[in-house]
Amino acid sequence: MVRNIFLALVAGLRAVATARNCQNLTIPVSVSARNTNFTLQAPSSNIEVTNFVLNIARPGANYSAEVMGGSAGTNTGDQFIDVAGNYTIGATYCEPAAGPGAAVQVLTHGIAFDRWYWDFPAQGRRYSYADAALARNYSVFFYDRLGLGRSSRGEPVDEIQAALEVEVLRALTAMLRGGSPVPGVAARYDRVLHVGHSFGSVQTYALTAAYPDLSDGVALTGYSRMLGGLTAFLYGANFVEASSASPSLAAYAPGYLASGDVSGVQTNFFAPGRFDPAILEAAYATGQPVTIGELMTIGTVGSGNNSFGGPVLVITGECDIPFCGGNCSTSEPSVPAQSAEYFSNSSYFETVIVPGAGHALNLVNTSFHILQKCTGSSC
């Protein structure tokens, strides 16, 4: 199984278009979570956005704790609030032309992208991870995380947070496993694999920590257990109000942030000399926002050890900014490899560092020669 996860991951970045059956879906979900109660008001100008970034990125400070309800001096009630709602999730389900694959991969994207990170349409889907997985007889299910794209939006400080999004992932997984039917998907799957990127990997970790029986295999891309470069990511993004960043984001409310220029996207997602400038421009043009609540809770979900007992793959670019600060090889074992200690119960664990690659692994211009790495029976 792990060998197949490797193949789908590392062979996909120069995918050949494959015969497939795909459909776009709108899926109702009812979820609840215990979110953090912040006293912060959503920034309503780009000056206020910059002030927020400077506050949350301060070395040695814990701004999220400072603006949490119940904190010393705030007199604002409880630290946590129960959030529940009925939402719709925009998603795409694809299966090979011959019918449902041997398993389904649930793909969760990260910050600055939507579901199309996994099926990037530029240049004839040359960078489509979905096509690579389909060619290896997997079905794929990829979706817009709650709060953006074709999924329901919500209040960006206390509602659209990491904990609620993990519950959406749980609900979608349960449906695919044979619970309540996914509207438009006839197949049910005994084997469900989870692949995340960046914040999507954080949510995948949290899912398997809380519900270890829901997954049969995990691939965490653009990830390490430590967020060692989050400050660099916050500074590098040049965040502004999403509504001012692009006409396509004009409908997003205050409290949704996006990179203010293409250089912010390049800094955080593309390493020097390892990308096509046209793909960088496409990533910026189709970029999606992040909420204040997500940025303040990205490190709160999935804390502690993970009892997941299946195979785990961590694959991260050598020059990853948010998780490694631009260099994942500053220690031995590497920064991503140190995640192994949190998966002490996994049946198999492996880390791959992609030489010269940045954070947006699906979009790098790097030859993934590690395809040959995992061909033996040990995988």
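I take buried to mean under 20% relative accessible area. By that cut-off arginine 145 is buried, at a relative accessible area of 1%. The model I am reading is predicted.

**Entry: arginine 145 and its partner**

I looked up what arginine 145 pairs with. Glutamate 165 forms a salt bridge with arginine 145, and the closest N and O atoms are 2.7 Å apart. I placed glutamate 165 in helix α6 and arginine 145 in the loop between β4 and α6, so the bridge ties together parts 20 residues apart in sequence. Glutamate 165 has 2% relative accessibility and therefore counts as buried, the cut-off being under 20%. Side chains of opposite charge can pair when their charged atoms come close.

**Entry: salt bridges around aspartate 131**

How many salt bridges does the structure hold? I have 11 in the list. I followed those of aspartate 131. One joins the side chain of aspartate 131 to that of arginine 20, at 2.8 Å from N to O.

I then checked accessibility. Is aspartate 131 buried or exposed? Aspartate 131 is buried, with a relative accessible area of 0%. Arginine 20 is partly exposed at 21%, and arginine 125 is partly exposed at 22%. Which residues does the network hold? Salt bridges with shared partners join Arg20, Asp119, Arg125 and Asp131 into one network.

**Entry: backbone angles**

Arginine 125 lies in helix α4, which covers residues 122–125. Asparagine 137 has a positive phi of about 65 degrees and is not a glycine either. I found asparagine 137 in the loop between α5 (129–135) and β4 (139–143). Its relative accessibility is 37%, and asparagine 137 counts as partly exposed.

I also looked for a cis peptide bond. One joins glutamate 332 and proline 333, with omega about 0 degrees. Proline 333 sits in the loop between β10 (311–317) and β11 (348–354).

**Entry: the sheet**

What is the strand order in the open sheet of eight strands? I read the order as β1-β2-β4-β3-β5-β6-β10-β11, and the pairing is mixed. β1 (20–36) and β11 stand at the edges with a single partner strand each, so one side of each has no neighbour in the sheet. From one strand to the next the twist averages 20 degrees.

Strand β3 (residues 104–108) and β4 run parallel and are joined by five bridges. Glutamine 105 has valine 140 in β4 as its bridge partner. Strands of a sheet pair through backbone hydrogen bonds, either parallel or antiparallel.

**Entry: helices on the sheet**

I looked up which strands helix α6 (residues 162–176) lies across. They are β1, β2 (80–96), β3, β4 and β5 (192–197), and α6 runs at about 135 degrees to β1. Helix α7 (residues 199–210) also packs on the sheet, where α7 touches β3, β5 and β6 (217–221). The direction of α7 makes about 140 degrees with that of β5. Glutamate 165, which bridges to arginine 145, belongs to α6.

**Entry: histidine 359**

Histidine 359 lies in the segment after β11. Is histidine 359 buried or exposed? Histidine 359 is buried, with a relative accessible area of 1%. Its side chain makes a polar contact with the side chain of serine 198, at 2.7 Å. I left aside neighbours within four places in sequence and listed what histidine 359 is in contact with: His197, Ser198, Gly222, Asn268, Phe269, Asp320, Pro322 and Phe323.

Terms used:
Residues numbered from 1 in each chain as written. Predicted model: local features only at pLDDT ≥ 70, side-chain atom pairs only at ≥ 80, totals over all residues. Heavy atoms only, no water. Helix = DSSP H or I, 4+ residues; strand = E, 2+ residues; numbered from the N terminus. Buried < 20%, exposed > 50% of the residue type's maximum accessible area, 1.4 Å probe, protein only. Pairing = 2+ DSSP bridges. Axes fitted to C-alpha atoms, helices over the stretch in contact; angles between N-to-C directions. Contact = heavy atoms within 4.5 Å. Polar contact = N/O pair within 3.5 Å; in protein donor to acceptor, adjacent residues only side chain to side chain. Salt bridge = Lys/Arg side-chain N within 4 Å of Asp/Glu carboxyl O.
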